[in-house]
Amino acid sequence: VIRKAYADYDYKRVVSELSLFLNTDLSAFYFDIRKDTLYCEPASSLKRKAALSVVDRLCDCVLRWLAPILVFTSEEAWLALNPGAEGSIHEMGFAEVPAQWRDETLAAKWKKIRDVRRVVTGALELRRAAKEIGTSLEAAPIVHIADTALRDVVASVDFADICITSGISVAEGNGPDDAFRLADVPGVAVVPSKATGLKCARSWRYFDPKTADPAFPDITPRDAQAMKEWQARQ
């Protein structure tokens, strides 16, 4: 899309497509979810390394796409990320994105997950507006999904991680009458509830204190492992 827009000298579309991608797909979704992984996972975490690889690839592609428009800013950013590099980003050309990365089946799966996530987010926003919770990490909602196939799709991922909650339960059925629903996501109902347990001093997730590492009683076992690795490097 970006290549064609540049070929057509349609710079307005370039800016529009990139703004939509950066604001909606990245900032409001991927980065919002993955910032916990980047900040709090142990250095050895495969999940964290995968996120870093994605961010590195995204940065390379986005800077090259923006280079013809944000000429100096893109150059400065590229040089900052590639210290000592010879040449210029303007000699690099657009990044090649393998065609096999476009997976329509996977995209359809995540469209369903994001739709269900919207219902959860909507339910939590009402609780936040009522000052019953502060952040989504203070919640552990119950998500009722009537369709078995959709329920299986949601169950195939760490949905609490996706919804940025300390816990989440996925149940079958239509849910109670007073559950939160969105008209454009039929068969999904959310009952918000507060998370229980101890608030992690590091990641702010609520967890069962009985699972804590005795050496780090006020943080989750995941965060305790990160601290152990950090201390080992000092």
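## Terms and basis

A residue is called buried under 20% relative accessible area, exposed over 50%, and partly exposed in between, with a 1.4 Å probe and protein chains only. By that scale Ser44 is partly exposed, because its relative accessible area is 45%.

This is a predicted model, in which local features need pLDDT of at least 70 and side-chain atom pairs count only at pLDDT 80 or more, while totals for chains, interfaces and linings use all residues. Residues are numbered from 1 along each chain as its sequence is written, and side-chain values use heavy atoms, with hydrogens and water left out.

## Overall fold

The chain contains eight helices and five strands; these are DSSP runs numbered from the N terminus, with helices (H or I) of at least four residues and strands (E) of at least two. Their order along the sequence is α-α-α-α-α-β-α-α-β-β-β-β-α. Along the principal axes, the C-alpha atoms occupy a box of roughly 55 × 50 × 35 Å.

The chain has 234 residues, of which 35% are buried. Contacts (heavy atoms within 4.5 Å) between residues at least 6 apart in sequence join residues at least 24 apart in 60% of cases.

## Surface and charge

## Largest pocket

The volume of the largest pocket is about 1800 Å³. Its lining comprises 35 residues, and those closest to the centre are Phe21, Asp25, Leu58, Trp101 and Arg102. Two or more lining residues come from each of helix H1 (2–7), helix H2 (11–40), helix H3 (46–66) and helix H5 (104–129). H2 gives the largest share, ten residues.

A pocket here is an open set of points on a 1 Å grid over the protein atoms alone, where a 1.4 Å probe fits, with protein on both sides within 12 Å along at least five of seven lines; lining residues have an atom within 4 Å of a point. Grid points are joined across faces, edges and corners, and the volume is the space filled by probe spheres set on the points.

Ser44 sits in the loop between H2 and H3. Not counting residues up to four places away in sequence, Ser44 touches Lys49 and Glu229. Its C-alpha lies 16 Å from that of Val54, ten residues apart in sequence.

Ala50 belongs to helix H3 and is partly exposed, at 40% relative accessibility. Ala50 and Leu124 are 74 residues apart along the chain, with 29 Å between their C-alpha atoms.

## Other loop residues

Leu182 is in the loop between strand E2 (169–172) and strand E3 (188–191), and is partly exposed at 24%. Beyond its neighbours within four places in sequence, Leu182 contacts Arg118 and Val119. Leu182 and Trp230 are 48 residues apart in sequence and 44 Å apart, C-alpha to C-alpha.

Tyr9, in the loop between H1 and H2, is not a glycine but has a positive phi of about 55°. Tyr9 is exposed, at 63% relative accessibility. Trp204, in the loop between strand E4 (198–199) and strand E5 (206–207), has a positive phi of about 70° and is not a glycine either. Trp204 is partly exposed, with a relative accessible area of 48%.
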